[in-house]
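Please read it next to the structure.

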Amino acid sequence: MASNSKPSRALDGVKILAFEQVLSGPFATCLLADMGAEVIKVERPGVGDVIRSWDSVVKGLSSGYVWLNRNKRSLTVDVKKEKGREILQELAKRSDIFFENYAPGVAGRLGLGYEKLSELNPGLIYCSLSGYGQDGPYRDVKAYDLLIQGEGGIIATTGYPDKPARAGIAIADIASGMYAVIGILLALYQREKTGEGQLIDVSMLDSIVSWLGYFPHHYWHAGEEPARVGMRHHYVTPYGPYLAGDGEYVNLAVASASDWEVFCKKVIEKPELLSDDRFASVEGRRKNRGVLEETIENIFLEKDHKHWLDQLKKADLPHGIVRGIAQVLAHPQVAARKLIREAESPVGKVPVIANALKMSRSDARYDRIPGLGEDSGTILSELGYTGEAIEALKREKVI
């Protein structure tokens, strides 16, 4: 007999109180909400998360808010009022996780710090996400993704020799949000064994520095700062998009000695390059990047992109094209993987990009994007507040 119940998800029953704003925090809790966690998002009465006002492109809703806040419940509370803080402390007692991404010290001054809430709920997992972390000389320095990309070395490695550039997406926010999710899941697992909660301290700078990969090793062992190389790889060449004769880019990667041989013989049909000592090794090709890149760029301009894609396909070398957003959204693999879903919202169903995790026993959900404060009454009722008490809180502008 078929069941009408919703499928179980990995985080069903996990309760998260999210004192969050803008991007890094909401990104983390969105991933957890997709997998079944009940997330109560705390917002300012009448204003909400600041990202709600960044634009109105989604039928009047903010694109950022729609992206980051599906599957959550919105509770509006004035945390500067004592009764507002009491509501959140009561919710924290009943939560598995308290998440906050305000500046260090803000939550503590509001009676929502780790020491206070862990005293009320010893099993609470408390995650703080900030620009520079909860200690150190930069603790109180204001942080945005752009600033962290600069402080963490990303801008120095991105762009062209004459001009740096930031990464086009908010990688510092996203990286720290993902580390926060990992930390929370590890803390939940550890709590299963010990029964104890703990504090998780995630910083955007830590997250980005941990993504620097091989760059620190080139500095430690060769005293080398990475040059900006545009769309190319810093240490491997040929690697990157090359402009074909019809104005389209062809993306390719030649990452091994055998790939280099195949590329010269079967793709560009210039086997004489294999006997050139300057290009005989990965390090040699890198050292002589200027002349090699110019040679390959001129060769690619001789034919259209379809020719080169066909050559690369026949040679079985890694390749692709450089797609715009419209092309990505129409990508056949995006369709096959069901990466575009729909979620309910105050303006009806809207398309959303799916959670990247695919689990055979825990499918992600795409239920709804909440209107500002639409769950406040229900959440307070669940805490035991009467209808009269809720109305009084509204009159007092606590909610």
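Is R289 buried or exposed? R289 counts as buried, at 15% relative accessibility; buried means under 20% relative accessible area, exposed over 50%, and partly exposed in between, with a 1.4 Å probe and protein chains only. This is a predicted model, in which local features need pLDDT of at least 70 and side-chain atom pairs count only at pLDDT 80 or more, while totals for chains, interfaces and linings use all residues. Residues are numbered from 1 along each chain as its sequence is written, and side-chain values use heavy atoms, with hydrogens and water left out.

**Overall make-up**

- The chain has 18 helices and 13 strands; helices (H or I, at least four residues) and strands (E, at least two) are DSSP runs, numbered from the N terminus.
- Along the principal axes, the C-alpha atoms fill a box of roughly 85 × 55 × 40 Å.
- Of the 399 residues in the chain, 46% are buried.
- The accessible surface is about 21100 Å², and carbon and sulfur atoms account for 54% of that surface; accessible areas come from the Shrake-Rupley method with a 1.4 Å probe, and for residues only the protein chains shown count as cover.
- Taking contacts between residues at least 6 apart in sequence, 68% join residues at least 24 apart; contact means heavy atoms within 4.5 Å.

**Salt bridges**

- The structure holds 26 salt bridges, each defined as a side-chain nitrogen of Lys or Arg within 4 Å of a carboxyl oxygen of Asp or Glu.
- R289 pairs with E293 in one of these, at 3.7 Å from N to O.
- R289 and E293 are four residues apart in helix α13 (residues 289–300), so about one helical turn separates them.
- E293 is also buried, at 6% relative accessibility.
- E38 is partly exposed at 24% relative accessibility, and K15 is partly exposed at 35%.
- K81 and D78 form another salt bridge, at 3.1 Å from N to O, and K81 is partly exposed at 31% relative accessibility.

**R73 and its surroundings**

- R73 sits in strand β3 (residues 72–76) and is buried, with a relative accessible area of 14%.
- Its side chain makes a polar contact with the side chain of E382 at 3.0 Å; a polar contact is a pair of N or O atoms within 3.5 Å, where within protein one must be able to donate a hydrogen and the other to accept it, and residues adjacent in sequence count only if both atoms are side-chain atoms.
- Leaving out residues up to four places away in sequence, R73 touches E38, V39, I40, K41, R368, D375, T378, I379 and E382.

**L17**

- L17 lies in strand β1 and is buried, with a relative accessible area of 1%.
- Beyond its neighbours within four places in sequence, L17 contacts residues including I40, V42, L88, L91 and F99.
- From L17 to N298 the C-alpha to C-alpha distance is 57 Å, and the two are 281 residues apart in sequence.

**Cysteines**

- The structure holds zero disulfides, a disulfide being a pair of cysteine sulfur atoms within 2.5 Å.
- For C127, the closest cysteine sulfur is in C30, 15 Å away, which is too far for a bond.
- C127 is buried at 0% relative accessible area, and C264 is buried at 0% relative accessibility.

**Backbone points to check**

- Most residues other than glycine have a negative phi, and most peptide bonds are trans.
- The T237 to P238 peptide bond is cis, with omega near 0 degrees, and P238 lies in the loop between α10 and β9.
- V22 has a positive phi, near 60 degrees; V22 is in the loop between β1 (15–19) and α1 (24–34) and is buried at 19% relative accessibility.
- K59 also has a positive phi, near 55 degrees; K59 is in the loop between β2 (38–43) and α2 (63–68) and is exposed, with a relative accessible area of 57%.
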